[in-house]
Amino acid sequence: MKDYLTIKEFSKFSGIEQTTLRYWDDIGLFSPMCRNPENNYRYYTPEQLISVNFITVLSNLGIPLKTIGEIERQRTPQSVVELIEHQERLVDMEMRKLREQYSIIHTRRELIKYGMNADTSKIAVLPKDERSFILGPRNDWKTGEPFYEYFMKFCDMADELRVNLSFPIGGYHEDFDSFLRAPGEPDFFFSIDPTGNRKRDAGNYLCGYERGYYGQLGDLPERLATHAKEQGLTLHGPVYTVYLEDEICTSEPDQYLAQITVAVM
């Protein structure tokens, strides 16, 4: 093998683009072994592939070139271990962030597509899968106070509750009687976060739909009660209000689509 390689030859030998080699040289990270004094051409040696491997391996791990340059000439096993352990923590944080983003995408997509395909004109008993959620603190509703005051209290506690507000937020009534008394004033708010430690059990649920802004459910509560009585259904457990379509997919608040579910026996 030749003692010296042109930048074109070394690029082919190392798999590093010529533009990248020139950039590394310009920032002082990795320079050619020598230059031709007459034309300033760069020349490399095959042994320099060792330095290239060091740079590319750490760079592929996401470590900044500046950091690589700082450690390159004085690296030791201990310093490299400390560096990659730090990077490992950063990557772990990024992976958790990506997993949460994926979960939000999956949850949003599932609810929106369900709303698009559901027959929202009908009240019916439908099977529902188990769903996890994070329950907020009890709402102490006071006469005359608007819905958003309590909703914002829940949002203000997001960090304490470990709630990502990008997940859909729903309303939770402890039972159907509580829902009938004040359908727009849920006993609790909850986040539809699949990592939550509370669960809506799988089973058959009475389901109804209503379009309108948060807390505005029209005559749906009465229609649900009438349907349950006519069909001889016994309702038990909490009532869940979930917005299948909200500001994420429509700019018209009166077109938000709420789904109300309550378990039947």
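The questions and answers below set values against definitions.

Q: What kind of model is this, and how are its residues numbered?
A: This is a predicted model, in which local features need pLDDT of at least 70 and side-chain atom pairs count only at pLDDT 80 or more, while totals for chains, interfaces and linings use all residues. Residues are numbered from 1 along each chain as its sequence is written, and side-chain values use heavy atoms, with hydrogens and water left out.

Q: What makes the approach of S132 to K199 a polar contact?
A: A polar contact is a pair of N or O atoms within 3.5 Å; within protein, one must be able to donate a hydrogen and the other to accept it, and residues adjacent in sequence count only if both atoms are side-chain atoms. The side chains of S132 and K199 make such a contact at 2.9 Å. S132 also touches I192, D193, P194, G196 and R198 as well as K199, leaving aside residues up to four places away in sequence, where contact means heavy atoms within 4.5 Å.

Q: Why is the pair of E130 and K199 called a salt bridge?
A: A salt bridge is a side-chain nitrogen of Lys or Arg within 4 Å of a carboxyl oxygen of Asp or Glu. The closest N and O atoms of E130 and K199 are 3.7 Å apart, and the pair forms a salt bridge. E130 lies in the loop between β4 (124–128) and β5 and K199 in strand β8 (residues 198–200), so the pair ties together parts that are 69 residues apart in sequence. E130 counts as partly exposed at 48% relative accessibility, and K199 counts as partly exposed at 43%.

Q: How many salt bridges are found in the whole structure, and what relative accessible areas do R42 and D26 have?
A: A search of the whole structure finds 14 salt bridges. In one of them the side chains of R42 and D26 meet at 3.9 Å, N to O, and this pair links distant parts of the chain, with R42 in strand β3 and D26 in helix α2 (residues 18–26), 16 residues apart. R42 has a relative accessible area of 16% and is therefore buried, whereas D26, with 61%, is exposed. D25, D26, R35 and R42 are linked in a network of salt bridges.

Q: How do you know that β2 and β3 are paired?
A: Two strands pair if DSSP finds at least two bridges between them. Two bridges join β2 to strand β3 (residues 42–44), and these strands run antiparallel; in β3, the bridge partner of C34 is Y43. Three strands form an open sheet in the order β1-β3-β2, with antiparallel pairing. β1 (5–6) and β2 (34–35) stand at the edges, each with a single partner strand, so one side of each is left without a neighbour in the sheet.

Q: What is said of the cover of β10, and which strand do eight bridges join to β10?
A: Strand β10 (residues 235–245) is mostly covered, since eight of its eleven residues are buried. Eight bridges join β10 to strand β11 (residues 257–264), which run antiparallel, and the bridge partner of Y240 in β11 is T261. Strand β6 (residues 169–173) and β10 pair in the antiparallel sense over three bridges, and Y172 stands opposite Y240 in β10.

Q: What makes the phi of N40 worth a remark?
A: Most residues other than glycine have a negative phi. The phi of N40 is near 65 degrees, a positive value in a residue other than glycine. N40 has its place in the loop between β2 and β3, and at 46% relative accessibility N40 counts as partly exposed.

How values were computed. Buried means under 20% relative accessible area, exposed over 50%, partly exposed in between (1.4 Å probe, protein chains only). Helices (H or I, at least four residues) and strands (E, at least two) are DSSP runs, numbered from the N terminus.
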